[in-house]
Amino acid sequence: MKAADKDDAERKQVTVLFADVSGSMDLAEQEDPEEWREIMQRFFSLLAKSVTRFEGTVDKFTGDGIMAIFGAPIAHEDHAQRACYATLQMLDDVAEYAGELRRAKGLNFSTRIGINSGEVVAGEIGAGGGSAYTAIGHTVGLAQRMEALAEPGKAYLTEHTAELARGYLDLHDLGEFEIKGASHPIEVFELAGVGAARSRLDLARERGFSRFVGREAELRRLGEALNRAKGGEATAVGVVAEPGIGKSRLCLEFSQGCRAEGLEVFEAQAQAHGKSIPFMPILQMLRSFYGIGDQDPEQTAREKIAGRSLLLDPGFAADLPLVFDFLGVPDPERPVPKMNPEGRARALADFLCRLVGNPARRKTLVLVVEDLHWIDEGSQMMLHGLIEGMEGTPTLVLVNYRPEHSPAWGESPAFEAIGLQPLDRSDTAKLLRDLAGEHPSLDGVDEPIHERTRGNPFFIEEIVRELAESGYLEGDRGGYRLARPIEDAGVPVTVQAVLAARIDRLAADAKQLLQVASVLGKEVSGDALGMAAGLDASAREEALGELIDGGFLYEAVLYPERVLAFRHPLTREVAYGTQLASQREATHAAAARAMIELEPPERHDERAALIADHLKQGGETLEAARWSARAAHWAGHSRPRDAMRLWHQTMELSGELEVNAESDALGIASRLAQIQFAWRVGMDLEEQAQLLEEAEEIADRCGDIHSIVLLKMSASGRPGLQVHTDEWLEQVEEMIRLADQAGDPHLQVAIRGAGAYAYLIAADFAGFDRTLDELIAIADGDLSVGAGIILNTPLSFAEMGKGMVRREQDDLDGAEPYFERALGIATAAGDPETASWVRSNQAGLMAMRGDVEGGLAVARRNCELTERIGDVFSRSLALANLAWTQLAAEEYQDALDSIEEADQIYREAMKVGGEMEAWRSQLRAHALIGVGRTEEAVAEAEWAVRVSRERGLRWSLPIALLALGRARHAAGLGGADEALSEGLDVAKETGGLTCVVEIEAERKALASAPS
Ligand SMILES: Nc1ncnc2c1ncn2[C@@H]1O[C@H](COP(=O)(O)OP(=O)(O)O)[C@@H](O)[C@H]1O
Ligand SMILES: [Mg+2]
């Protein structure tokens, strides 16, 4: 199984160059075509030579010029610099040849060059055998426009290239230009020559170094190595780390210290584009050893070389011709003996070895070689020779390189490697303070920046710069203010260039694995990764090894399952961004298949949401809808908010499918489920109405009786509706009839479970009890019958309801075992929602039976547990019950707080008060009496009574009347006994014995109280 039928095209950051030979059309008329062809051929070859020298690709010949790409197919982190160097060489070469033509034939030629950098899609494009590697995109067009804009003999480049090449090259700002096809004016630069910077650190120096932080331990180790060297024990140290971690800076800080001590330090720098220029680092080192400057005349240079060499050892006289020649200042008097290149290199290595190892040399010598991973073979060989020859001399060789490199002398006992780690949080914070400042608005910026950069100082610097440039930060370096919250701030192009180039240099399998991993997530299982990438175990291991060694991934977990994670979020972003959308899609689909195959089936529920997500992004809509529904089901019991989101997703996915039985079923189920969650967590009423309407339409079309009944129930027979209970009961009875007609026990049980609630609210305890008995009979002991359709566990609910009936009839002992059974069933079914309702009732019962403290403890614990579920219906209920228990404990202020919160969260989510609003209101009235706010208590109780009457909320009516009687009495108002006696009548009528007992007790108390 392969991730995709591999389309090799990729998104890449590149620099595109257009060069043409201008004025050619009218010139063509003056010349013989054959001769003309030869001239053009020569121009083309000059242009192409420069491109190849800097490892660019000649994309095509355009008739009178060429188009070239730098950074594709193989990415180079310095693609912009390479294009510029190639350009400078083209300008030189063409000018030289044009001069020749002018002198010989009187012809006038010149070239114009345009350069731009940015993203392209690069790959094989074309049909059949005629396809060729090329790049496509806006970036290409803009490069061509630069060429058209350029004056003869000049090279123009855009701000995009300038951003990457600045410092390394000398650029003249020409100002902004309106460019056709570009949405905003583009800043254009002329390329004037090479710049002063040779490395990123030079650039950093130019901008002003950030304050050096941390690295105490590493500096100490370098100091120890230096001491050994001083004592004549020559030592080589390698500082190893990924780009940007601070190798160069550490070496710089150290070598500055050495210079301050008066030691001799010589430096050499290997460069990314330097492999094509052999021996560059060694040349640099020798030049600085002999103190030769760029401006020195040849004679002076030779004198310096001879002087210093002979002073050390007159025996070096014989080597001088070779050294002169090597350093580019050959002595005409003393020609070099004929040698083949290899022999020459060996002779030079030998010289170097004797130079460093010369016993006459007393002073400690420190040699620093930067970026060894880019060193050419010749230099590498010489360096190796030097290290072998330095034994017994006071020499310290300090090199640095990236983890993918290993130096040729790695096994030498004189060599020690220091792995440099990223900056820790506190050093990162210090660096950030230095770069960004201490303005209070920057509080909270550390964390996201650390998250993205993971202590890589180069990334930190670039991200701060990027944030300033894109307006997130305002002010000046070291004194920024946060202008707007940092969200998606992209990857700076400079960082992107480095990361993309590293990724490109991976072996094909490793690169593919990394790309697949970037699609799968921040952390991925090794097995799933291998499978999604279509690699067998051994190929996968090899590729993973390369990625881990190179510091791209690390093993976050080893047991029970190997999990790999990205060392750097930015690496992931870049690896993700290099793929075409179509490739990512295929990878997502492959990832989902791998998960399904690799995970044991018992974990499928748990993984369903993730699998659905991959399938969705993989464009497999039907499968995605199925898995999304599965995930929603699974979340249902305990995570209503997730369930709501997943059902919503299922609905949207099902809407994309062609209409058939399955998509209809998914369409109805997903809507029904959302409506069921609406009364639990709240939902906009309009949205609810719309869901209902859509679902009814589908159900009608399919003649799906089951769903039609459930939908009707949702429309007119569910909790949370502001209707009279008589109307509600009528609907419930109708639904029960329809369900019985349909003869589906699941439906019969589901409707009875949800519908029974209406009897309770209407204080029809007999009807409540009867309906629950019917439910229990139909379910016949099978927990799964009707479960999860409306209520999660109808049987648990039925036991609880029967317990409530006993309680209302003042049979407190009889109620208890029902509650216990109900809780047992809910717990066994893993249904926290029904369990919450049961515990509320248990708490109340305990308080009624005199265990007020115990009741309070249960009610409080229940609130905590219910909070975790995250639905509003149950939470409000749990809080109201806590209030009830607090009243029993005479904790009136606490009770008031609880009930107000219960009411507030319900109203906020549902926009209405629902069927329990009068119940909550009478609790609030009681609490208000308790805290002595009697007038408010009267008003509250009056409201509770009125609403209970108007809406037929007969369960709350007698207690609301009880509250009213108490409140009036407490407020010293008349009419207390009228209210109580009416309450007594209602309670007797409904058979609410508990209530009767309570009201009678209150009347007695009132009668005996002094008025
Ligand atoms: N310890 C440090 N404290 C402050 N800035 C640092 C530190 N290490 C590196 N930097 C800065 O981060 C950038 C990258 O460091 P550099 O040494 O060029 O990385 P590397 O050589 O590993 O690619 C430079 O601008 C450098 O000044
Ligand atoms: Mg460096």
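Strands S10 and S11 run parallel and are joined by 6 bridges. Helices (H or I, at least four residues) and strands (E, at least two) are DSSP runs, numbered from the N terminus. Two strands count as paired if DSSP finds at least two bridges between them. Across from Glu 264 stands Leu 365 in S11. The model is predicted, so local features need pLDDT of at least 70 and side-chain atom pairs count only at pLDDT 80 or more, while totals for chains, interfaces and linings use all residues. Residues are numbered from 1 along each chain as its sequence is written, chains are lettered from A and ligands numbered from 1 in the order in which they are written, and side-chain values use heavy atoms, with hydrogens and water left out.

S10 and S11 belong to an open sheet of 5 strands in the order S10-S11-S12-S9-S13, with parallel pairing. S10 and strand S13 (415-419) stand at the edges with a single partner strand each, so one side of each has no neighbour in the sheet. On average, neighbouring strands of this sheet are turned by 15° against each other, direction ignored. Helix H8 packs on the sheet and touches strand S9 (235-240), S10, S11 and strand S12 (395-401); the direction of H8 makes about 160° with that of S12. For such angles, axes are lines fitted to C-alpha atoms, for helices over the stretch in contact, and angles run from 0 to 180 degrees between N-to-C directions. Contact means heavy atoms within 4.5 Å.

## Helix H9

Buried means under 20% relative accessible area, exposed over 50%, and partly exposed in between (1.4 Å probe, protein chains only). Among the buried residues of H9 are Met 280, Leu 283, Phe 289 and Tyr 290.

The buried residues of H9 pack against strand S10 (264-269) and strand S11 (365-370), and also against helices H10 (298-312), H11 (320-326), H12 (341-356) and H13 (377-389). Just after H9, Gly 291 has a positive phi of about 70°.

## Around ligand 1

Ligand 1 is surrounded by 21 residues, the closest being Arg 200, Gly 244, Ser 248, Arg 249 and Glu 461. A residue counts here if one of its heavy atoms lies within 4 Å of the ligand. Helix H6 (200-207), helix H8 (247-260) and helix H16 (457-469) each supply at least two residues of this shell.

Several backbone N or O atoms approach the ligand. For Val 213, such an atom lies 2.8 Å from a nitrogen atom of ligand 1. For Gly 244 the distance to an oxygen atom of ligand 1 is 2.7 Å, and for Ile 245 the distance to an oxygen atom of ligand 1 is 3.3 Å. Taken alone, ligand 1 exposes 560 Å², of which the protein buries 98%. Accessible areas come from the Shrake-Rupley method with a 1.4 Å probe; for residues, only the protein chains shown count as cover.

His 439 lies in the loop between helix H14 (425-436) and helix H15 (446-453). With a relative accessible area of 32%, His 439 is partly exposed. The side chains of His 439 and Ser 441 make a polar contact at 2.7 Å. A polar contact is a pair of N or O atoms within 3.5 Å; within protein, one must be able to donate a hydrogen and the other to accept it, and residues adjacent in sequence count only if both atoms are side-chain atoms.

Not counting residues up to four places away in sequence, His 439 touches Tyr 480 and Arg 481. Strand S15 (residues 479-482) pairs with strand S14 (residues 473-476) in the antiparallel sense over 4 bridges. S14 and S15 form a hairpin with 2 residues between them, and Gly 478 in the turn has a positive phi of about 85°.

## Asn 116 in strand S4

Asn 116 lies in strand S4 (residues 110-125) and counts as buried, at 1% relative accessibility. The side chain of Asn 116 reaches the backbone oxygen of Thr 139 at 3.0 Å. Leaving aside neighbours within four places in sequence, the residues in contact with Asn 116 include Val 14, Val 16, Leu 142 and His 160.
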